[in-house]
Amino acid sequence: MATIAGAALFAIPVVAGGNNFIIALSFIFATYTTLALSWNIVGGFAGQLNLGHAAFFGVAAYTLALSTNAGMHPYVGVLAGGIAAIGMALLMSPLLKLRGDYFAIGTLSLTEAIKVAILNVHAYGIRLTPYQGLSRVQNYYFLATLLITVCVATFLIERSRIKLAFVSIRENEALASGSGVNLVKYKVLALVLSGFFTGLVGGIYGYNLLYVPAEHVFSIEWTIIPLFMVLIGGRGTLTGPLIGAVIYLGIYYVLQFTVTEISLVVFGLVVVLIIKFMPQGLIETLVVKKLGVRRTSIV
Amino acid sequence: MFSFEVLFGQLLVGAILLGGLYALVTIGLALIFGVMRILNIAHGEFIIFGAYATYWISHLLRFDPFLSIVLAVPVSGLLGFLVNTLVIKGLTKSFDAPIVSSFGLLLVLQASMLIAWSGDPRSIVTPFTAESIRLGLVLVPIVRLIAFVISLSILMLLYLFLTRTFAGRAVRAIAQDSEAAATLGIPVQRLQTFTFVLSTCLAGLSGGLVAMIVSFQPTLGPEFLLKSFVILALAGVGNIQGIMAGGLILSIAESYGSFFLGSGLRNVVAYLLLIVLLLTRPRGLFGEKQVREV
C-alpha cells in the first residue's frame with residue numbers, strides 16, 4: 001500500500017508529461033502535506049499548539065534565497081535552510097515552558113516580529129535566478145522524496161518510545177514529568193524535528209517560486225493550514241495528517257472552482273462546523289467511532 | 001518654539017490617550033478568556049465590525065458619529081449573540097477547539113466584510129476631526145481625548161459592575177472556578193452567554209472609536225488581536241487595572257520605540273515586549289499569584 005502510494009507520487013510527472021498545471025498542483029499538494037506531517041510532530045504528538053510554524057518556513061526560504069544568490073547550489077541552499085530552521089526552533093524553544101494558550105500566543109508573536117523586522121529590510125523580497133538543469137520537475141522529485149522521508153520519520157516515531165514520551169507530555173505534563181519523562185528534552189526534540197522538515201519544505205518552495213517575499217513566506221497560512229489538516233484528520237498519527245491534507249485541499253479547490261467569490265466564507269464555515277460537530281477530527285469521529293474500526297494505539 | 005522636551009511631551013500625551021483606547025480594545029478579549037477560557041482569535045474582526053457598523057449608521061442615516069456608536073453597540077452585541085449561540089456554545093473543553101473554531105470565524109467574518117464592503121480603507125469624520133486643544137506647548141487632538149475619556153469611563157463602569165453588583169460577582173466567580181460556581185447555583189451557561197455578548201459590545205464600541213482616529217479596512221482585525229494579546233500578557237488575566245496599565249505601557253513603548261527606531265519597527269517593539277514578558281512574567285506584570293494547576 002505504502003509502496004504503491006510512493007510509486008504513484010513519483011509517477012505523477014511522467015504521467016502528466018508536459019502538463020505544467022498538474023505538476024504545479026502536485027507540488028502544492030505535496031508542500032502542504034509535508035507541512036501538515038511536520039506540524040503534527042509538535043502539535044499532534046507532543047500536543048504543543050505551535051502557531052509559529054511559518055517562522056521555520058520563512059527563515060528557511062530566506063536562507064535559501066540569500067545562499068543561492070551568493071552562488072551556492074540551490075539544493076545545498078535548501079539544506080542550509082533546514083539547518084537555519086533548526087536554529088529558529090532552538091530560538092523558539094524557551095517558549096516551550098509556557099503552557100497551552102500562552103505558547104500559542106508567544107510563537108505567533110515571535111513569527112510576526114521576525115516578519116515585520118525582515119519586511120523593514122527587504123520590503124519587496126528577493127528574486128532568484130534559476131540554476132541550470134533544475135526544472136520544476138526536479139523540484140517536485142526533491143519534494144516528493146522529502147514527503148516520503150517525513151512519512152517514514154513519522155512512522156518510526158509512532159513505533160518508538162519517543163511517541164510514548166510525546167503523548168504523555170500532551171496528555172498530562174505533570175504526570176509525564178513525574179514518570180521520569182524529560183520534558184525539556186522531548187519538547188525541544190519535537191520542535192527541532194518539526195522545524196527541520198518544515199525548513200526543507202520552505203527552502204524548496206522558495207526555490208520553486210524563484211521569488212521570496214517576506215510577506216508571503218512568513219504568512220500565517222503556513223501555520224494555520226497544516227494545523228487544520230492535522231485537526232481534521234486526527235492528531236498524533238501518520239494517517240491523520242495525510243487524510244486531513246487530502247480532505248482539506250479537496251474541499252479548498254472544489255470551493256475555489258465552484259463558488260470562487262465566497263470560497264473563504266464557505267471554507268471558514270466548514271472549519272467551524274467540523275470543529276463543532278467532530279472535535280476529535282473527521283477520521284476519529286467517522287472511522288473509529290461510527291464504523292468501530294479499532295486503532296492500534298496506546299492512547 | 002520647538003524643542004526636544006516639547007516633542008517628548010507630545011509623544012507622551014499621544015501615548016497616554018491611545019493607551020486608554022488600547023485598554024478598551026483589549027477588555028473584550030480578556031473577559032471572554034477569563035470567564036469562558038476561550039481565546040477568541042476573531043476578536044479583531046468584532047472590532048472591525050463595530051467600526052463598519054458605526055460608519056454605515058452615520059453614513060446612511062446621517063447621524064452624528066458619536067450617536068452612531070451608541071447604535072452600533074447593540075448591533076455588535078447581536079452579532080456576538082448569534083456567534084455564541086451558533087458556534088461557541090457546546091464546544092468541547094479542549095483548549096485548541098475554541099482557537100481553531102474562532103479562527104474559522106475570523107475567516108468567515110473577514111471574508112464577508114471584504115465581499116460586502118470591499119478592501120478600501122475608510123474612516124469616520126467627526127465634527128472635531130483635525131482640531132486640537134493647546135495645553136501649554138503640547139497639542140491635544142480632541143477626538144483622541146474624547147475616545148480616551150469614553151474608554152476610561154466605560155472601563156470604570158465595568159469595574160464597578162464586576163466588583164459591586166451581584167451579577168458581576170457571579171461572573172468573577174465563574175472566572176475563578178466554573179464548576180464550584182455552578183454548584184452554588186450560579187447559572188453558568190447564561191452568564192457565559194452574557195459575557196460573550198458584553199465582550200462583543202465592548203469590541204464594537206472600541207471599533208467605533210478606533211475608526212474615528214485611524215482609517216480601517218476588513219483585514220486590519222489581526223493587528224488589533226495581536227495588540228490585545230500583548231496587553232493581556234502584560235496584565236495577566238482578570239484585572240481591569242492591569243489592563244489599563246498594560247494599554248498604557250504598550251502605547252508608550254510603541255510611541256517612543258517607533259520614534260527612536262523608525263515607524264516600520266513599531267509592531268516589532270510590541271511583539272518583542274510580549275515575548276520577553278511571557279518568558280519572565282508568565283502571570284503578567286500585575287497578575288495574581290496562583291497555585292499552579294496540575
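## Reading the labels on this model

H2(A) bends by about 40 degrees at Trp39(A). This is a predicted model, in which local features need pLDDT of at least 70, side-chain atom pairs count only at pLDDT 80 or more, and totals for chains, interfaces and linings use all residues. Residues are numbered from 1 along each chain as its sequence is written, while chains are lettered from A and ligands numbered from 1 in the order in which they are written.

User: What makes the bend at Trp39(A) a number?

Analyst: A bend is the angle between axes fitted to the seven residues ending at a residue and the seven starting there. At Trp39(A) that angle comes to about 40 degrees.

User: And what is the span of H2(A) set against?

Analyst: The expected span is 1.5 Å times one less than the number of residues. H2(A), residues 20-45, has 26 residues, and the expected figure is 38 Å; first C-alpha to last, the helix reaches 36 Å, close to that. Helices here are DSSP runs of H or I with at least four residues, strands are runs of E with at least two, and both are numbered from the N terminus. Just after H2(A), Gly47(A) has a positive phi of about 70 degrees.

User: Why is Val149(B) called exposed?

Analyst: Count C-beta atoms, placed from the backbone, within 10 Å of the residue's own: 20 or more others is buried, 12 or fewer exposed, in between partly exposed. Val149(B) has 12 such neighbours, so exposed it is. Val149(B) sits in H5 of chain B, residues 142-164, and its C-alpha is 8.5 Å from that of Leu17(B), 132 residues away along the chain.

User: How do you know that S1(B) and S2(B) pair?

Analyst: Pairing takes at least two DSSP bridges between two strands. S1 (132-135) and S2 (138-141) of chain B have four and run antiparallel, so they pair. Ile133(B) stands opposite Val140(B), and Leu135(B) has Val138(B) as its bridge partner. Two residues lie between the strands of this hairpin, where Gly136(B) takes a positive phi near 65 degrees.

User: What counts as contact, and how many residues does each chain bring?

Analyst: Two residues touch if their C-beta atoms, placed from the backbone, lie within 7 Å. Chain A brings 33 residues and chain B 34. On the chain A side, H5(A) gives the most, with 13 residues.

User: How confident is the predictor in chain A?

Analyst: On the pLDDT scale, the predictor's confidence in each residue from 0 to 100, chain A has a mean of 87, and 94% of its residues reach 70 or more. Over residues 295-299 of chain A, though, pLDDT is below 50.
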